[in-house]
Amino acid sequence: MDEYGAEISQQGIPVKQATDDQKVIDTRWVTLDVQNVYEYNSIVTVPLNDGGATQSIVLCTHNSGFLPAYDYVINSYSLSTHVIGETFNFYADATNIYLVPFFEVGGSSIVLTINVTIRVYTLPITQSFQAPTVQSISAVNETNTGYGIEFVTEANASPQISEDPVGEYSFSTRLKPLNILQTGTYTVNDTAGVPNSGYIVINYSYPQNPLYQLCQYYPSGISSAALSMTQALVGPLGYQGAKGSVGNGTILIAGSGSALSGSFAYILFKDPIGLTQ
Amino acid sequence: MTNYGMNFAPQGGNAINAPTYSSLQERLQIDLNNPAPLFDVVTVGAGSAFSVSQSTVQSDSEQLLVINHNLGYIPQVYVTFLLTPNSGSSSGANSVDTYSLGQMTITNNGYVADYIGFQLTTTTMAVVHTVASSGEGTGSYTSPANEYNVQIKYLICNNLGIQTLSFN
């Protein structure tokens, strides 16, 4: 861990005693930094196929060199023919983000017009990371700091302190970054008679219950009858097919509606403001 | 993007080419001084005992909580729910102690989805209880939401929203 850097605590809390949730910035933190935001807007022709997805479409080239955390939103899409059961899956490898559409009808092809925004983070989500243990002190009345530093952007030569920070400041200690506690992967191996074997189990060491984010992880890629991607892949953040419980140093995540299977990558966040569940 | 800012070098490293921290880097973050609480833990009633016909396409919804963030854009948010039975609960309360990101399902029997989620605009974040029937079932369904409280833990980031953490 670096011994150089800067820390700013919240008002009324001595910086040398402040826990992470009582600081607004510590330059040693690992935060969820944005590598880039990509827009994809195109028209593609996709074969219809009952046997599974048939093609992958490169949405963007991020060139991270590792499997990154990312998320997306489909702004709009339309199909040349009405079909039932269209599915859009997203995958990332170390170079690209892919869209794999699947239309569950055999026959000819369909024209897909789609607009997608993808935000790629600098975080290699499948690599294990554990933030250093923070010191814990007795509760201090936390108030937001009136002290700190801000850097303006060139786009606004004279911003006011009350202005919305987005777009006006490249850095402001009024803004507290989401601080990463832990990353890693977990493979569910559901075994009869073994407690919790059908769950994602994440152990953590932190005085508060962390927020978490999940994505699916495919170490050997994916394959169907008509499509094979053999490189390691990850899905987007925000995997929602699970319910979980958090507490006492363990997160248990179960399937929602069906059993979990496969591998997952996760991010645990330190609460930015010391919220307790 | 600005050319002004600060970089911190890793110990023994280079601040220009490989900073350990750069103020130029966009990151997910939260405004501590917004007049509205952009982060909080709030416990409210989980909603009303909506009753719907499972043989009719029908949807009822109600707002449980509204946060006026007034950011002027749809922000990135993280919302978790913890459902607990209230003093009037008579059910098995099988969702106790579950901690759900983005949406809390109270019931999903294949014909009716009864859930708590959230809706975002450029000025507000609303936590909403919804009961929606697909019209493919029979009989009626009455939500047990009035037997629960829901603890809502939320973070509203000062970043444009891109990930919709709700599912239907």
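**Exercise 1. Which residue is the bridge partner of B:Asn108 in β10(B)?**

Solution. This is a predicted model, in which local features need pLDDT of at least 70 and side-chain atom pairs count only at pLDDT 80 or more, while totals for chains, interfaces and linings use all residues. Residues are numbered from 1 along each chain as its sequence is written, and chains are lettered from A and ligands numbered from 1 in the order in which they are written.

Begin with the strands, which are DSSP runs of E of at least two residues, numbered from the N terminus. Strand β10 covers residues 112-120 of chain B and runs antiparallel to β9(B), to which 4 bridges join it; two strands count as paired if DSSP finds at least two bridges between them. Within β10(B), the bridge partner of B:Asn108 is B:Ala113.

**Exercise 2. Decide how far chain B can be read in detail.**

Solution. Consider pLDDT, the predictor's confidence in each residue from 0 to 100. Chain B has a mean of 81, with 80% of its residues at 70 or more. Within chain B, confidence is highest in β6(B), at 95, and lowest in strand β8 (residues 99-101), at a mean of 62. Over residues 93-97 of chain B the pLDDT is below 50, and this stretch has 7 contacts in the model beyond near neighbours in sequence (a contact being two C-beta atoms, placed from the backbone, within 7 Å). Where pLDDT is low, the predicted coordinates should not be read in detail. For the model, the scores are ipTM 0.71 and pTM 0.82.

**Exercise 3. Is A:Gly184 buried, partly exposed or exposed?**

Solution. First locate A:Gly184, which is found in strand β13 (residues 179-188) of chain A. Next apply the cut-offs: a residue is buried if 20 or more other C-beta atoms lie within 10 Å of its own, exposed if 12 or fewer, and partly exposed in between. A:Gly184 is partly exposed because it has 17 C-beta neighbours inside 10 Å. Finally, A:Gly184 and A:Ala265 lie 5.6 Å apart, C-alpha to C-alpha, although 81 residues separate them in sequence.
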